[in-house]
Amino acid sequence: MVEYVWLTIAFPLIGVLINLFFGRLLEDAFSKWFKRSEVTGFIGSVTVVLSFLVSFAIFLQALGIEHFSHQVKLWDWITIGDFHVAISFLVDPLSIIMLLVVTGVGSLIHIYAVGYMDHDEGSARFFTYLNLFVASMLVLVLSDNYAGLYVGWELVGVCSYLLIGFWFFKPSAADAGKKAFIVNRIGDFGFALGIFLIWSTFGTLDYMEVFHEVGASHGEFASVINWVTILLFVGAIGKSAQIPLYVWLPDAMEGPTPVSALIHAATMVTAGVYMIARNNVLFAMAPNVSLVIAFVGAITAFFAATMALVAFDLKRVLAYSTISQLGYMILAVGVGAYAAGIFHLFTHAFFKALLFMAAGSVMHAMKGVIDMRRLGGLKDKMPETYWTFLIGAAALSGFPLITAGFWSKDNILVKAFELQQPNQAFGIILYTIGIITALLTAFYTFRAVFMTFHGEPRDKNLYDHAHENRRVMTLPLWILAIFSIGAGFLGLPSKLGLPNWIEDGWLYSVMAESHEILEHAHHFAHIGFGLEIALLSISAVVALVGIFGAWHVYIRYPQIAVDTARYAGRFYQLVLDKYRVDELYDTWIIEPGKGLADILAKIVDMNFIDKTLVDGSANSVRGLGHIMAILQTGYIRNYVMVIFVGIVVMGVYFFLL
Amino acid sequence: MNQLGFPIISTLLAIPLIGALMLAAIPASEKRAIRVGALFITLIAFFASLPLYVSFTAGYGGFQFEESYPWIAQLNIMYHVGIDGISLFLVLLCTFLAVISVLCSWSAIQERTKEFMILILLMETAMLGVFVSLDLFLFYVFWEASLVPMALLIGQWGSQDRVYAAVKFFLYTFIASTLMLIGVVYVYIRTGHSDLGILLAGDWHFTNGEQWWLFLAFGLAFAVKVPLFPFHTWLPAAHVQAPTAGSVILAGVLLKMGVYGYLRITNVLFPAGFEAWAPFLSMLAVIGIIYGALVALAQEDVKSLVAYSSVAHMGFIVLGIFSGGFQGTSGAVMQMVNHGLSTGALFMMIGFLYERRHTRMMHDYGGIFAKVPIFGAYFLIAVFSSVGLPGLNGFVGEFVILVGTFKHNTFLAVIATFGIVLAAWYLLTAVREVMFGPLNPDNDGLTDLNFREISAATALTILFFVLGFFPNLIFDKVNPSVEQLPQIAQQQNVTIVMDR
């Protein structure tokens with residue numbers, strides 16, 4: 001089966017071709033019986049489901065095989081001397097888990113979108129883009145080399161650009177798409193340099209060959225590996241929306257909600273985490289860089305959570321939450337807990353996609369309104385949306401024992417706590433930031449739950465209009481809800497004698513080498529049963545306190561929230577304004593950039609180089625030379641023809657001689 | 001004579017020329033016949049150029065399909081033509097874009113159609129001549145000959161300031177070219193030969209000083225043609241004023257003549273000159289990348305934006321040749337083709353809009369994607385090709401150039417790589433301004449592409465994808481010839497084919 005892995009990419013591409021060229025025609029042809037989005041959405045969904053089936057078959061094949069790793073080469077792509085890149089895929093436990101997430105969650109979101117996009121004229125274009133995204137994301141996770149990774153990396157960026165700006169006639173959407181692409185390109189700048197450095201050092205871009213060279217080395221690549229990891233991480237900062245390049249992700253909510261769920265929560269934004277996990281050998285050999293990465297992740301997690309506390313737009317709350325959860329994942333891979341990072345990526349894909357889609361369900365029912373100040377009391381009107389949202393919220397908050405988010409987040413926090421190198425104190429600091437952020441997470445998540453679904457309706461008109469959505473939208477929610485609970489049991493804490501299937505079983509072979517390196521360096525302390533129980537208890541209490549706090553503030557004494565906002569005054573406003581980071585970038589980067597461009601264009605180029613130097617020297621020649629003046633009849637064809645004829649005559653004359 | 005046993009290159013040179021004579025026989029009022037005729041002739045030339053690709057001996061870096069006859073026998077000057085892997089693709093690019101330029105002038109050129117089409121055909125022969133010439137005098141003659149039709153195309157069928165732009169274009173490049181003529185004459189007097197085959201096979205012991213000066217003489221002419229910063233100011237003027245077909249040919253083919261000149265003449269004949277000048281030219285190239293991108297960002301005229309983007313893109317190509325080693329140089333050859341296709345496509349698409357709305361100002365558009373989705377799709381793809389999106393052609397060339405440059409000159413590669421951020425900035429700004437946002441009511445009557453326009457756009461788009469997915473179609477044939485360049489041969493330890 002594994003040699004057919006390319007089918008997972010081919011199916012969505014077929015969907016792209018059908019919907020691109022025949023989407024509108026088919027929609028028109030079936031318009032008597034089906035809505036537009038049902039026709040093209042059917043094609044889009046079927047292709048992704050097929051892709052999922054292939055992925056699942058590969059998963060079954062790999063299950064139980066130790067060190068499952070296959071390279072499937074399609075064709076030689078670029079060959080110039082010793083630079084050689086093939087279109088070739090690596091199928092191993094890590095790429096399979098990504099395959100399952102992308103095609104599995106992707107299928108559900110495609111199906112959901114059939115219902116969500118049913119009012120939109122542009123559904124053919126929508127599903128074209130969405131299928132293209134799935135294919136691109138699979139290129140990213142399947143490629144067995146850095147060039148292929150970069151290809152996927154750029155392609156998902158373009159799909160993101162197109163989908164954020166899907167409603168291109170809205171200036172805000174068009175601007176957001178452009179911003180996302182350009183900010184990501186800044187990250188890609190570093191990412192590309194990292195890849196160039198890999199090639200000029202190792203003479204290959206194949207993962208396995210690079211890891212092999214690195215593994216066989218004796219420290220001679222230490223400084224190169226530091227640089228490579230830094231540069232690759234710059235790419236991850238852009239793609240996975242970390243400080244300081246996270247600014248594009250909140251704006252990306254301008255795109256349709258299924259896009260937010262698929263691209264800006266479940267899959268694309270986790271590419272940075274995947275990339276670091278894929279390169280775990282390199283990152284494990286760069287402990288100092290890794291520590292920086294861990295701190296960037298932790299600080300991003302905290303910082304984004306504070307913005308989520310005050311946002312009123314439900315989708316933006318989820319967007320900040322995504323940045324924050326990505327921060328956790330980056331923290332995980334930064335401290336060297338690569339499997340934990342992937343595990344959180346895995347569970348987060350379910351519960352965050354669920355939350356976005358449930359929010360989209362609200363938005364769909366509320367005529368596109370998503371401002372929580374106009375929502376409220378929706379739980380009876382939309383029970384299925386409410387219950388599924390609640391399950392997702394519980395998972396995000398880390399509600400103890402029964403949610404996936406609890407286990408995967410705790411896994412990260414424990415690993416941070418265990419960090420010993422270069423100093424135990426760093427581990428404690430990272431853990432502390434993580435646990436405070438967990439408190440904030442539980443609080444803002446249930447703030448959103450209470451503001452949206454509980455209390456009195458704030459906008460009576462909208463409330464009366466609200467209705468539960470169709471089965472095509474709610475069914476995917478329920479499936480994701482099941483996984484938001486169940487997925488956690490794949491990674492239970494092994495220190496309690498429970499099976500951690502994902503870390504000790506499935507992903508073990510991928511991380512074995514880095515595991516060994518870290519063990520050798522005494523990277524982690526190994527805490528005992530008692531401490532593990534204590535940490536779990538702290539996580540549990542923190543989650544419950546956060547949830548209780550939200551209830552206390554937003555249900556029991558709603559006045560508290562209003563008063564706090566007033567007391568906090570300017571600080572509150574600062575957080576509400578997203579710390580004015582966008583404005584900061586505008587003032588210090590965008591505007592000076594445009595100013596420089598203007599100066600170069602109008603003064604340097606037009607005036608100095610062109611008028612003064614070029615025309616100036618031409619004019620001075622004209623002023624001096626009478627011959628030029630005579631020739632200057634004003635009719636260029638006159639003297640141009642003279643020269644042309646001259647050349648031809650000369651040529652013919654010599655030729656005949 | 002050659003692997004086809006047929007003087008295919010001379011035939012190829014003759015087709016547009018004979019075609020031009022045939023068009024001259026059609027009455028000027030028969031515009032449709034003239035257009036169809038011109039299309040027919042360019043198509044014949046295009047199909048006649050395909051055997052070059054099909055019968056090309058892969059893995060051989062020397063010249064192929066050679067023809068050599070005495071031209072000015074008593075002076076030892078030859079009519080010597082032939083192609084190698086480098087010129088092969090420029091010839092194909094040229095014949096392909098000639099078809100495109102006829103297609104995009106179909107309804108745009110209503111006045112003096114006959115003269116226009118004749119000039120396009122003359123232009124084609126001249127450009128082809130540059131790429132196939134293997135004699136310095138022959139090269140020079142074609143080089144100058146290509147100047148004339150283009151200056152006339154701009155001066156006669158251009159916009160408001162066409163005469164200024166045409167004069168500027170002509171004088172600037174002509175004056176620079178006279179330096180090349182001095183170089184040609186010097187080489188000829190010094191060696192007694194102008195035949196590239198002979199010049200390459202022999203060792204003429206040019207001193208380092210001679211090489212320095214000769215490189216300068218030729219190199220300046222080429223730098224103006226590329227154009228390399230700071231010799232670029234004729235380009236925006238010419239592009240903005242030129243009719244669409246003029247811009248397509250100018251950006252698509254004419255600019256490549258400069259880079260080709262470096263590859264064919266200076267870098268092989270004067271390797272010591274190359275050593276001396278490469279750092280300086282690389283620096284100019286990198287300045288051009290950043291400078292061109294920033295200036296493009298400040299443009300309000302979309303054609304002028306694309307013109308400045310050419311300065312940046314040509315910077316990548318020159319950088320690849322002078323600092324990129326094997327990968328950079330092969331990448332540069334591919335990027336010449338890519339830039340020809342993608343910038344050609346952009347100029348064509350802008351031309352389609354201009355024909356409908358008679359404005360090039362971005363603020364006159366806005367939101368037209370809703371009105372003209374087919375145009376929009378092709379325009380987006382062309383932009384992505386130009387931005388260097390993987391899967392399309394532009395990515396491969398740019399990536400390989402940067403990989404090669406990084407290995408040989410990390411500092412320049414870092415700055416050049418930053419150019420890709422700026423490229424996204426200015427091109428997506430153009431897309432944002434022209435296509436997205438609310439529909440500007442002035443554009444309400446805008447009609448989408450017709451069959452002819454779709455055909456031209458589709459042909460280009462297919463090539464974007466084919467070359468993006470299978471760039472080895474180019475590299476397989478380019479690499480052996482690039483390996484023959486003295487700078488590369490040294491690094492790669494390959495022996496030079498004497499018969500080049």
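Guide: Buried here means under 20% relative accessible area, with over 50% counted as exposed and the range in between as partly exposed (1.4 Å probe, protein chains only). This is a predicted model, in which local features need pLDDT of at least 70, side-chain atom pairs count only at pLDDT 80 or more, and totals for chains, interfaces and linings use all residues. Residues are numbered from 1 along each chain as its sequence is written, chains are lettered from A in the order in which they are written, and side-chain values use heavy atoms, without hydrogens and water.

Visitor: Against which helices do the buried residues of α23(A) pack?

Guide: Helices are DSSP runs (H or I, at least four residues) numbered from the N terminus. The buried residues of α23(A) include E532(A), L535(A), G546(A) and V553(A). Packing is judged by contact (heavy atoms within 4.5 Å). The partners are α16 (383-397), α17 (404-418), α18 (424-453) and α24 (558-576) of chain A.

Visitor: What area is buried between chain A and chain B?

Guide: Buried area is the accessible area (1.4 Å probe) that two parts lose on being put together, summed over both. In contact are 68 residues of chain A and 74 residues of chain B. Carbon and sulfur atoms give 76% of the buried area, which is about 6300 Å².

Visitor: Which residue of chain A meets K168(B) in a salt bridge?

Guide: A salt bridge pairs a side-chain nitrogen of Lys or Arg with a carboxyl oxygen of Asp or Glu within 4 Å. The rule finds 4 salt bridges across the interface of chain A and chain B. At 3.1 Å, N to O, the partner of K168(B) is D615(A).

Note on methods:
Helices (H or I, at least four residues) and strands (E, at least two) are DSSP runs, numbered from the N terminus.
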